[in-house]
Amino acid sequence: MQTKLILASATIIIGCLAASSAMAKSDKQFLSDAIKGDNAEITLGQLAAEKGGSDGVRSFGQTLVTDHRKAKDEAAALAADLEVKVSEGIAGDAQQELEKLQHLAGSEFDKEFVSFMVMDHEKAISEFKEKAGEGNRQVPELAAKTLPTLQKHLELAQSLSGR
């Protein structure tokens with residue numbers, strides 16, 4: 001009886017450790033992805049600030065650069081604490097968008113850029129809301145803190161698209 005109790009306790013402890021480890025990996029992956037997202041928004045924002053066909057798109061591009069540099073700094077500080085490598089890369093879909101935008105100008109650039117920003121921010125908001133709901137750990141708290149900025153960006157992009 002006592003052996004079964006010890007084995008059951010050990011199984012529970014191992015299960016909790018495994019769940020904790022999986023959750024930590026999930027937080028680390030989210031943080032890594034968030035930093036790549038910030039890199040993408042900074043890069044695309046710089047391009048829009050330079051190439052945008054309208055004052056609104058150029059201003060929105062600069063807003064993205066400013067806000068996502070701040071967000072990246074906060075995420076990078078947390079990444080250092082959690083031993084997450086800070087990448088300078090951007091996600092594949094953002095890289096493809098960057099390449100597409102480099103060949104556009106004027107209203108065509110604006111339309112494509114704004115469309116991508118709406119889609120990208122809708123996706124990011126969904127991911128950040130999910131992470132923010134995971135509890136009182138550092139990464140979910142960072143996700144919750146970042147949400148209002150992402151929502152502001154989505155609203156700006158939607159207003160530029162006429163939605």
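The model is predicted: local features require pLDDT of at least 70, side-chain atom pairs count only at pLDDT 80 or more, and totals for chains, interfaces and linings use all residues. Residues are numbered from 1 along each chain as its sequence is written, and side-chain values use heavy atoms, with hydrogens and water left out.

**Whole chain.** Begin by colouring the chain by pLDDT, the predictor's confidence in each residue from 0 to 100. The mean is 87, and 84% of residues reach 70 or more. Next, select residues 4-25, where pLDDT stays under 50; for this segment the model has one contact (heavy atoms within 4.5 Å) beyond four places in sequence.

Switch to a cartoon view. Among contacts with a separation of 6 or more, 73% join residues 24 or more positions apart.

**Nonpolar core.** Select Leu 31, Leu 44, Phe 109, Phe 113, Met 117 and Phe 128, which touch the most other members of the 34-residue largest nonpolar core. Such a core is a set of buried Ala, Val, Leu, Ile, Met, Phe, Trp, Tyr and Cys residues joined through side-chain atoms within 4.5 Å; buried means under 20% relative accessible area, exposed over 50%, and partly exposed in between (1.4 Å probe, protein chains only). At least two core residues come from each of H1 (2-51), H2 (55-81), H3 (92-101), H4 (106-132) and H5 (138-161), with H4 supplying the largest share, nine residues.

Centre on Leu 31. Beyond its neighbours within four places in sequence, Leu 31 contacts Ala 75, Leu 78, Ala 79, Leu 82, Val 84, Val 139 and Leu 142.

**Largest pocket.** Now display the largest pocket, which holds about 470 Å³ of space. A pocket is an open set of points on a 1 Å grid over the protein atoms alone, where a 1.4 Å probe fits, with protein on both sides within 12 Å along at least five of seven lines; lining residues have an atom within 4 Å of a point. The volume is the space filled by probe spheres set on the points, which are joined across faces, edges and corners. Select Asp 33, Ala 34, Gly 37, Ala 124 and Glu 127, the closest to the pocket centre among its 25 lining residues. H1 gives the largest share of the lining, nine residues.

**Asn 39.** Finally, select Asn 39 in helix H1. Asn 39 is buried, with a relative accessible area of 5%. Leaving aside neighbours within four places in sequence, Asn 39 contacts Lys 72, Ser 87, Glu 88, Gly 89 and Ile 90.

Note on methods:
Helix = DSSP H or I, 4+ residues; strand = E, 2+ residues; numbered from the N terminus.
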